[in-house]
Amino acid sequence: MATTGRAALFFGPGKPMELVDLPVPDPEAGAIVVRVARANVCGSDLHIWRGDGMLAAMARDDGRIIGHEMTGVVHALGPGVSTDWAGRRLAEGDRIAYQYFAPCGRCRSCLRGLSAACAHSFKVLRGRPTEFPYFRGAFADYFYLTPQMAVFKVPDHVTDTMVAGANCALAQVVHGLERVEASLGDDVVLQGAGGLGIYATAVAKQRGARVIVIDGLDERLALARAMGADNVIDFRRLATADERVAHVRELTGGWGADVVCDLVGRASVIPEGLAMLGLGGRYLEIGTFFPGTPVEVDPGLLVSRNIRVEAVASYDAASLQQAVAFLDRNAGRLPLEQVVTDYSLDDINRAIEDQDSGQVTRASIVMT
Ligand SMILES: [Zn+2]
Ligand SMILES: [Zn+2]
């Protein structure tokens with residue numbers, strides 16, 4: 001069995017990542033060492049890589065393993081681990097989906113049932129790559145699952161490209177749409193049909209909502225339709241916010257939407273989204289995840305329409321379980337195979353540059 005594995009270290013924006021060999025740790029009681037199979041470059045990795053907003057502070061002189069959207073197989077089970085979090089038997093070689101952060105279960109948020117807002121979730125990711133357990137990010141051969149990280153077995157017919165996004169975008173929208181109670185009879189508007197928006201389309205549909213998706217790229221709008229969108233709004237045709245707000249009103253019988261979600265990651269869409277909401281509407285913020293890009297909001301509009309604003313930064317274990325169950329149910333029925341371009345870990349810098357420049361939609365690192 002290998003005693004070392006490769007990891008790509010990130011030193012800061014504009015600096016190339018470097019591959020190093022790190023020792024493969026022995027799992028402690030309750031922990032699991034994962035052999036990473038595939039790690040996608042997520043939009044938030046690009047934000048970190050560019051140093052957007054406050055994310056520049058994530059750089060470390062001694063390097064940090066970034067990346068979080070991934071899937072892999074069990075390499076070694078720690079003492080006491082014999083099943084996943086749903087009670088299914090786990091053995092070496094089993095394919096798994098897992099949280100990449102570790103809700104502590106005992107901080108103020110966790111005690112109030114809000115593990116997605118745990119104060120300590122990301123602590124383990126911040127440690128040094130030269131200290132146990134070394135493998136703290138996705139762009140590496142291994143990943144160390146602490147006992148707090150939820151893990152679920154992946155059904156055989158759910159492929160690696162389908163499941164790699166489960167522990168980031170998919171679980172996130174499952175959790176977010178639950179938080180805003182998107183449900184039967186609701187009109188849901190999704191701002192943006194990237195990874196988050198495409199998953200949100202299918203999940204909102206299956207929760208019984210009518211779904212309106214806004215984007216400006218043909219292939220994204222087509223994919224949104226294939227995922228079940230009832231209406232799409234092409235912002236190349238309706239070029240102003242006023243026109244788009246008026247169109248949503250029209251599509252919702254004059255009432256306005258029950259739920260609007262920012263899945264774009266550009267704060268400027270928020271005032272437009274709030275204007276689309278009807279009485280009692282809920283706004284879900286997921287896309288713009290880093291502080292530092294404020295927008296103007298009319299509080300009187302929120303009050304007069306009884307609007308609720310919710311934001312989710314991560315998700316709970318149940319949402320990941322539901323994400324895997326969603327893939328299990330819909331594999332073969334929905335176009336869930338993510339369109340990815342494969343790179344080797346040696347080419348990590350090129351993969352990120354290509355995605356940043358728009359040459360590829362989604363780069364995916366395959367660890368072979
Ligand atoms: Zn992500
Ligand atoms: Zn906690």
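## Helix 7 against helix 8

Ala 241, Arg 244, Val 245 and Val 248 of helix 7 meet Glu 272, Ala 275 and Met 276 of helix 8, where a contact requires C-beta atoms, placed from the backbone, to lie within 7 Å and where helices (H or I, at least four residues) and strands (E, at least two) are DSSP runs numbered from the N terminus. By class, this contact has five nonpolar, no polar and two charged residues, with Ala, Val, Leu, Ile, Met, Phe, Trp, Tyr, Cys and Pro counted as nonpolar, Asp, Glu, Lys and Arg as charged, and the others, Gly among them, as polar. The model is a predicted one, in which local features need pLDDT of at least 70 and side-chain atom pairs count only at pLDDT 80 or more, whereas totals for chains, interfaces and linings use all residues. Residues are numbered from 1 along each chain as its sequence is written, while chains are lettered from A and ligands numbered from 1 in the order in which they are written.

Helix 7 (residues 241-251) and helix 8 (residues 269-276) pack at an angle of about 30°, and their axes are 9 Å apart; axes here are lines fitted to C-alpha atoms, for helices over the stretch in contact, and angles run from 0 to 180 degrees between N-to-C directions. That makes helix 7 roughly parallel to helix 8, given that angles under 35 degrees count as roughly parallel, over 145 as roughly antiparallel, 65 to 115 as roughly perpendicular and the rest as oblique. The crossing of helix 7 and helix 8 is right-handed, the term for a near helix turned clockwise from the far one by less than a right angle, with anticlockwise being left-handed.

## Helix 4 and its two partners

Helix 4 (residues 166-179) packs on helix 5 (residues 195-206) at an angle of about 50°, with the axes 9 Å apart, and the two helices are therefore oblique to each other. Helix 4 passes helix 5 in a right-handed crossing. On the side of helix 4 the contact is made by Ala 169, Leu 170, Gln 172, Val 173, Val 174 and Leu 177, and on the side of helix 5 by Gly 195, Leu 196, Tyr 199, Ala 200, Val 203 and Ala 204. These residues divide into ten nonpolar, two polar and no charged.

Helix 4 also packs on helix 10 (residues 317-330), at an angle of about 105° and with the axes 8 Å apart, so helix 4 and helix 10 are roughly perpendicular to each other. In this contact Ala 166, Asn 167, Leu 170, Ala 171, Val 174 and His 175 of helix 4 meet Ser 319, Leu 320, Gln 322, Ala 323, Val 324, Phe 326 and Leu 327 of helix 10. The residues of the contact of helix 4 with helix 10 divide into nine nonpolar, four polar and no charged.

Helix 4 is mostly covered, with twelve of its 14 residues buried, a residue being buried if 20 or more other C-beta atoms, placed from the backbone, lie within 10 Å of its own, exposed if 12 or fewer do, and partly exposed in between. Among the buried residues of helix 4 are Leu 170 and Val 174, both of which take part in the contact with helix 5 and in the contact with helix 10. After helix 4 comes Glu 181, whose phi is positive, near 55°.

## Division into domains

The chain is divided into domain 1 (4-165 + 338-366) and domain 2 (169-311), with bounds that come from an automatic or database domain assignment. The C-alpha centres of domain 1 and domain 2 lie 29 Å apart, and the contact takes nine residues from domain 1 and ten residues from domain 2. The side of domain 1 that touches domain 2 has three nonpolar, five polar and one charged residues.

## Backbone details in the loops

A cis peptide bond, with omega about 5°, joins Phe 132 and Pro 133, and Pro 133 is placed in the loop between helix 2 (108-111) and strand 6 (142-145). Tyr 134, in the loop between helix 2 and strand 6, has a positive phi of about 65° although it is not a glycine. Tyr 134 counts as buried because it has 22 C-beta neighbours inside 10 Å.

Asn 306, in the loop between helix 9 (299-304) and strand 13 (308-311), is a residue other than glycine with a positive phi, near 55°. Asn 306 counts as exposed because it has 11 C-beta neighbours inside 10 Å.

## Separation along the chain and in space

Asp 218 belongs to helix 6 (residues 218-226) and is exposed, with 10 other C-beta atoms within 10 Å. Asp 218 and Asp 234 are 16 residues apart in sequence and 8.3 Å apart in space, C-alpha to C-alpha.

Thr 159 lies in the loop between strand 7 (151-153) and helix 3 (160-163) and is partly exposed, with 17 other C-beta atoms within 10 Å. Thr 159 and Asp 141 are 18 residues apart along the chain, and their C-alpha atoms are separated by 19 Å.

Key: Two residues are in contact if their C-beta atoms, placed from the backbone, lie within 7 Å.
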